[in-house]
Structures are given as structure tokens and as C-alpha cells.
Amino acid sequence: MGWWDKLKGALGGGGAAANGDRNALYFYVRCERCADVVRVRVNTANELQQEFAEADGVDGYSLRKTVVDARCFRPIQVMMRFDGRRRETAREIQDGRFITADEFEAAR
Ligand SMILES: [Zn+2]
């Protein structure tokens, strides 16, 4: 095992990554123009914006994200909504479409 394999093992160790991913939400998109696929990671602990209701404080959260694939670099706009417990309730996308993790793996 060479030094590079050791380095990869150290960086990609399952334990550390799993801990850091507790607040991670993954979604997958396909570009409408070039059909490239992108995996996007969202940190639900600090990337969501609070949505305030008039009556009783925080109503939920929203997320706007611009995704750029590695082939045509055309920005894909993603908008998601979450309830007060940061569970996803709706998602919209422009210039691309959402795909499943399986579709992502198959397309790579
Ligand atoms: Zn593209």
C-alpha cells in the first residue's frame, strides 16, 4: 500500500465522514442541456433560511441553491422548502430535473 492509498484511507475514513454528515441532505440533479448529473450536499444545520410566519415565529425553512454541472457549467436553480423541523416539504428546479441516487449512479 503506497502513501497515496494511506492518504486516501485517512481522508475517506467512514467514521469521521459519517459524523460530519448528520445534518447533510443529499439530492441529485440532471442538467437539462447537457444531461450531466450532479450530487449536491446541503448542510441543513446552517444552509437553510428561516421563514417567519406572522403569528407564531418560525414557520419553516427554505433553501435556494445554484447547482453547476461539470460539463456545460450552466447554472441550475434549486428551491426547497422545509417545515419547522427541517423536514423537506417541497422542491422546485429550473433548467434541470431531480433524479434519484440510483439514476445518478447509473449515469456516472
Ligand atoms: Zn449541463
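**View 1. Asp 95 sits in the loop between β6 and β7 (96-99).** Strands here are DSSP runs of E with at least two residues, numbered from the N terminus. This is a predicted model, where local features need pLDDT of at least 70, side-chain atom pairs count only at pLDDT 80 or more, and totals for chains, interfaces and linings use all residues. Residues are numbered from 1 along each chain as its sequence is written, and side-chain values use heavy atoms, with hydrogens and water left out. Asp 95 isn't a glycine, yet it has a positive phi of about 70 degrees. Its relative accessible area is 29%, so Asp 95 is partly exposed (buried means under 20%, exposed over 50%, partly exposed in between, using a 1.4 Å probe and protein chains only).

**View 2. Ala 35 lies in the loop between β1 and β2.** Here's another non-glycine with a positive phi, about 70 degrees. Ala 35 counts as partly exposed because its relative accessible area is 42%.

**View 3. A zinc ion is held by Cys 31 (SG), Cys 34 (SG), Asp 69 (OD) and Cys 72 (SG).** These protein donors lie 2.1 to 2.3 Å from the zinc ion (donors are N, O and S atoms within 2.8 Å of the metal, or 3.2 Å for Na, K and Ca; water is not among the atoms, so sites may look incomplete). The angles among the four donor atoms run from 94 to 114 degrees, making the site tetrahedral (for four donors, that takes all angles between 85 and 135 degrees). Along the sequence, the donor spacing reads C-x2-C-x34-D-x2-C. Cys 31 in strand β1 and Cys 72 in the loop between β4 and β5 are 41 residues apart, so this pair links distant parts of the chain. Cys 31 is buried because its relative accessibility is 3%, and Cys 72 is buried too, at 19%.

**View 4. Four strands make an open antiparallel sheet, in the order β3-β4-β5-β6.** Two strands pair if DSSP finds at least two bridges between them. At the edges, β3 (49-52) and β6 (88-94) each have a single partner strand, so one side of each has no neighbour in the sheet. Six bridges join β5 to β6, and Arg 81 has Ala 90 in β6 as its bridge partner.

**View 5. Met 80 touches residues including Leu 25, Phe 27, Tyr 61 and Phe 98.** Touching means heavy atoms within 4.5 Å, and residues up to four places away in sequence aren't counted. Ala 90 and Arg 91 are also among the contacts of Met 80.

Key: Four donors count as tetrahedral if all angles lie between 85 and 135 degrees; four count as square planar and six as octahedral if opposite donors are over 155 degrees apart and all others between 65 and 115; anything else is irregular.
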